[in-house]
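Here are my notes on the model, as numbered points. Please read them with the structure open.

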Amino acid sequence: MASILELPDDLLASLFTSFPCRETQINALTTLLHPRIAPCRNVIVHGTEATGKSAIISGLLQTLHNHSPFDLKYSIVKSAECVTARHLFERAIDLVGNALENGSIPGRCETLAALTAELTKLLKYTEPDTHSRFVLVFDGIDRQRDAPPTLLPALARLSEIIPNLTTVFIVTTPSPSLLRISSPPHVHFPAYTKAQYITILSRTPPPSLPNTTDQETTDLWARFTAAVHDSLTRPAARTLPRLRHSCRALWPRFTAPVAAGTHKAREFSKLLIAARAYFQDESVLEPGIQRCGDLSSSLSFSLSNKTRDQDKDNKKSSSSTDLSALLPPIARHLLIAAYLASHNAPRHDNLLFSTWHASGARKRRRGGSSIGGGPATPGGSGPGRGRRAKHRRIARKLLGPGVFVLERMVAIYVATKQEWVGDADEGKVVSGGVDGDVGMAIATLASLRLLVRVGGGVASAAAGAGGGADLDRGGKWRVNVGWEVIRGVGRSMGVEVEEWLVE
């Protein structure tokens with residue numbers, strides 16, 4: 001058995017240069033994959049997103065194959081390119097055949113048993129040399145779609161049937177019993193630290209600035225990357241590619257005073273104060289993202305040439321207009337149904353929404369006003385003479401929202417869908433269940449805190465507070481918007497919500 005120290009010095013130098021701060025992982029993988037050092041049957045490579053797992057393994061296998069093409073051959077199967085388990089099996093057989101260059105045509109491979117038989121035919125009898133090795137890499141195998149529960153344990157057993165096979169599994173977070181075999185070696189790719197981020201980004205500095213030297217530009221770039229990491233690494237640049245993109249996007253704005261000649265490259269504090277607005281708002285990184293406040297201000301600016309009455313109406317309904325413009329139609333429809341369920345008593349549902357009642361029965365019962373023309377006077381004069389004073393009640397829309405069950409809100413949504421949507425869905429059958437679109441709309445309203453889950457224990461309260469949507473039909477909810485907002489949302493759909501309230 002050879003040692004990693006016996007390899008040529010320049011063999012891994014290119015990998016160390018291309019992937020800095022990953023020397024430990026490269027040496028460990030070289031030891032476990034090289035056919036003449038310490039090859040093993042199965043290797044689990046794990047780590048979070050964008051830590052260099054796939055790129056380093058691909059580059060390392062290509063380097064080792066170029067160094068000893070007869071000793072090591074490899075194939076990399078990406079689960080992201082396979083839509084089913086059968087697609088994964090047939091893709092693996094095709095790639096192995098291409099790596100061996102045997103010219104065989106891959107056949108149908110629908111099960112794990114067929115995969116084992118095909119790989120045995122390809123590898124067991126074509127590798128007579130005991131020092132030769134074939135490395136089969138499954139990239140992102142933990143996210144494989146339509147995967148059977150025995151996929152990973154069966155793939156780990158392939159090396160027991162095929163002696164010269166090494167199987168590498170690239171996953172995000174491995175479970176303790178991922179392969180159901182005893183102690184396979186693990187190679188961990190941890191997330192980069194701040195010092196490692198700065199080291200990596202400092203190796204590719206931007207071009208020199210006007211009136212500055214290369215060293216001054218490099219020093220300013222290093223301090224700039226540290227400032228970007230401290231301000232934007234949590235909200236917008238959690239990985240190395242995103243941090244590099246953030247630095248490239250903010251660098252021209254940050255160095256604009258240097259290019260204009262108002263500041264020098266050594267005055268980092270003054271440059272940071274001048275560009276502090278760019279470090280406080282991540283919307284600069286994605287120009288397509290626009291805040292609601294900016295959207296409403298742009299709309300009001302575009303309407304500035306209209307009449308004064310229209311401007312006043314737009315200002316009064318600015319919040320409802322923004323909400324009706326941001327929410328999709330199904331979410332707006334469900335929000336109105338939730339408002340009606342919160343402010344109407346359940347005993348009035350048959351009167352308002354049942355198709356067995358006549359359409360003329362759907363009348364809003366107006367309350368809160370006296371029947372007579374004025375109050376009765378003790379002397380017997382006045383329009384209200386001889387009548388009893390009517391009990392005054394507060395309108396339901398002015399009171400706080402009540403609690404309703406999710407099943408009642410969905411029933412109101414289904415009952416009013418054909419009438420509110422219009423002629424677009426005329427003649428179609430309306431389903432009475434919670435489909436994917438309705439469930440997604442409920443989850444959207446819950447995440448925006450427009451619907452709030454109440455009751456149901458600690459777990460349900462935590463789910464409602466965190467924006468989750470538990471689609472239990474008996475779960476209790478409450479609408480979290482007021483009358484002015486819901487009236488604007490209803491009018492955006494052509495619905496007068498006041499006609500559907502019973503006071």
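**Notes on the predicted model**

1. Start with β8. Leu451 has Val479 of β8 as its bridge partner. The model is predicted. Leu451 belongs to strand β7, residues 451-454, and β7 is joined to β8 by four bridges. The two strands run antiparallel.

2. β8 has another partner. Strand β6, residues 404-405, pairs with β8 over two bridges, also in the antiparallel sense. Here Phe404 is bridged to Trp477 of β8.

3. Which residues of β8 lie on its covered face, and which on its uncovered one? Trp477 and Val479 make up the covered face. Lys476 and Arg478 make up the uncovered one. β8 itself spans residues 476-479. The bridge partners named above, Trp477 for Phe404 and Val479 for Leu451, are the two residues of the covered face.

4. Now the open sheet. Five strands form it, in the order β2-β3-β4-β1-β5, and the pairing is parallel. β2 and β5 are the edge strands, and each pairs on one side only. From one strand to the next, the twist averages 15 degrees.

5. Look at the β1 side. Strand β1, residues 42-47, runs parallel to β5 and is joined to β5 by four bridges. His46 stands opposite His188 in β5. α4 packs on the sheet, where α4 touches β2 and β3. The direction of α4 makes about 155 degrees with that of β2.

6. α4 covers residues 85-100, 16 residues in total. From first C-alpha to last, α4 reaches 23 Å, close to the 22 Å expected at 1.5 Å a residue. Just after α4 comes Glu101, with a positive phi of about 55 degrees.

7. Much of the interest in α4 is its buried set. Ala85, Leu88, Phe89, Ala92, Ile93, Leu95, Val96, Gly97 and Leu100 are buried. Their cover includes β2 (72-78), α5 (112-124), β3 (133-139) and α6 (151-156). An α-helix has 3.6 residues a turn, so residues three or four places apart point the same way.

8. How do the axes of α4 and α5 cross? They come within 10 Å, at roughly 5 degrees. The two helices are therefore roughly parallel to each other. On the α4 side, the contact is made by Phe89, Ala92, Ile93, Val96, Gly97 and Leu100. On the α5 side, the residues are Leu112, Leu115, Glu118, Leu119, Leu122 and Leu123. The contact residues divide into 10 nonpolar, one polar and one charged.

9. Is Gln25 buried or exposed? Gln25 is buried, because its relative accessible area is 10%, against a cut-off of under 20%. Gln25 is in helix α2, residues 23-33. Leaving aside neighbours within four places in sequence, Gln25 is in contact with Val187, His188, Phe189 and Pro190. His188 is the residue that His46 stands opposite. Gln25 and Lys53 are 28 residues apart along the chain, with 9.2 Å between their C-alpha atoms.

10. Compare Tyr278, in helix α13, residues 276-280. Tyr278 is partly exposed, with a relative accessible area of 31%. Not counting residues up to four places away in sequence, Tyr278 touches Leu250, Arg253 and Val284. Arg253 is 25 residues from Tyr278 in sequence, and their C-alpha atoms are 8.2 Å apart.

How values were computed: Residues are numbered from 1 along each chain as its sequence is written. This is a predicted model: local features need pLDDT of at least 70, side-chain atom pairs count only at pLDDT 80 or more; totals for chains, interfaces and linings use all residues. Side-chain values use heavy atoms; hydrogens and water are left out. The expected span of a helix is 1.5 Å times one less than its number of residues. Buried means under 20% relative accessible area, exposed over 50%, partly exposed in between (1.4 Å probe, protein chains only). Contact means heavy atoms within 4.5 Å. Axes are lines fitted to C-alpha atoms, for helices over the stretch in contact, and angles run from 0 to 180 degrees between N-to-C directions. Angles under 35 degrees count as roughly parallel, over 145 as roughly antiparallel, 65 to 115 as roughly perpendicular and the rest as oblique. Ala, Val, Leu, Ile, Met, Phe, Trp, Tyr, Cys and Pro count as nonpolar, Asp, Glu, Lys and Arg as charged, and the others, Gly among them, as polar. Two strands pair if DSSP finds at least two bridges between them.
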